[in-house]
Amino acid sequence: MATDRTAVIGFPVDHSLSPIIHNHWIKELGLDIKPYEKINVDPNKFEEQINKLKAEGYGGLNVTVPLKELAFSISDETSSVSKKLRSVNTLSLNFEKIDGDNTDAVGFINSLDEKTIENNITNKKTLVLGAGGSARSLVYALNELGGHVRLFNRTLEKAQILLDDLSINSSPVGAEELDDYANSSSFIVNTTSLGQKAGEHNNILRFENIEMETFIYDLIYNPKRSSFLEQAEAKGLKVQNGLRMLIEQAACSFQIWHEIKVGVSEEIMSLLESV
Ligand code: ATR
């Protein structure tokens with residue numbers, strides 16, 4: 001049976017696009033359930049608020065920053081990927097227990113063309129910029145796809161901690177070797193928030209000597225073309241923003257709750273691009 005009440009929780013959650021995505025599918029499929037909502041949840045009252053939502057009949061919750069680690073900690077049962085990432089973005093509130101899953105890594109994998117995986121990731125050098133929560137999912141995913149992953153972060157120690165936590169046999173890239181490693185990488189993804197604010201320029205990499213076959217990905221989808229992607233495009237490189245991943249991770253949550261596999265149509269892509 002379909003989960004009747006669903007929502008995304010965050011702090012703040014106001015800018016989340018998840019309601020547009022989930023409500024598009026709820027409407028398209030004609031599901032007889034309440035519209036997907038967005039709810040602010042104070043991290044300091046997390047467990048209390050979750051129990052309240054559960055009592056009110058919410059069966060499925062997406063979790064966004066800064067609550068993903070808290071969601072992991074209150075889950076009775078977690079998927080293997082959540083355990084690895086110590087982070088949960090999909091809660092299923094059942095009568096007897098709370099299940100936690102994380103669809104970020106699989107959402108990222110599903111956002112990639114098979115050719116990109118084959119030509120640019122598997123057995124290839126890949127580079128992740130940033131060492132926050134999103135970087136964690138991406139490092140995990142790239143490693144699962146057989147990529148040789150290294151990561152660069154402004155704060156080097158955080159990059160080392162991330163690799164150690166995921167038991168990945170790699171080392172952080174130091175500032176002095178960043179350009180050389182980037183120039184020999186086949187896939188580079190920006191997970192830092194640099195470029196999200198208007199007028200902010202992502203100057204972490206120099207694109208001058210990046211190989212023409214290198215695939216450049218930025219998790220940022222608003223703006224649609226971040227300064228990172230603009231620099232790559234100006235050089236003629238293949239680029240992708242984070243919109244498809246956002247929809248793919250939502251599709252995986254939708255399937256967990258409603259047991260329906262939804263596709264990422266051009267319609268939903270353009271609906272979100274126009275927001
Ligand atoms: P998310 O959950 O989206 O990954 P996060 O956990 O806050 O967000 O991580 C943000 C990442 O962007 C971090 O790697 C951060 O670098 P630090 O670990 O050194 O803080 C990176 N970041 C944010 N602003 C940056 C900037 N101006 N220059 C370089 N990196 C930046």
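Helices (H or I, at least four residues) and strands (E, at least two) are DSSP runs here, numbered from the N terminus. Residues count from 1 along each chain as its sequence is written. You're looking at a predicted model, where local features need pLDDT of at least 70 and side-chain atom pairs count only at pLDDT 80 or more, while totals for chains, interfaces and linings use all residues.

Start by selecting I220, which sits in the loop between β10 and α10. I220 counts as buried because it has 23 C-beta neighbours inside 10 Å (the buried cut-off is 20 or more other C-beta atoms within 10 Å, all placed from the backbone). Leaving out residues up to four places away in sequence, I220 touches G195, Q196, S226, N241 and G242; contact means C-beta atoms, placed from the backbone, within 7 Å.

Next, pick helix α10, residues 227-234, and colour F228, L229, Q231 and A232, which are buried. They cover an arc of only 160° around the axis (taken from the directions from the helix axis to the C-beta atoms), so they lie on the same side of α10. What do the buried residues of α10 pack against? Select β9 (187-190), β10 (215-218) and β11 (238-240) to see. Just after α10, stop at G236, with its positive phi of about 90°.

Last, show the ligand. 15 residues surround the ligand, the closest being G132, G133, R154, T155 and T192. Helix α7 (residues 133-144) supplies the largest share of this shell, 3 residues.

How values were computed. Near = placed C-beta within 6 Å. Buried ≥ 20, exposed ≤ 12 C-beta atoms within 10 Å, placed from the backbone. Contact = placed C-beta atoms within 7 Å.
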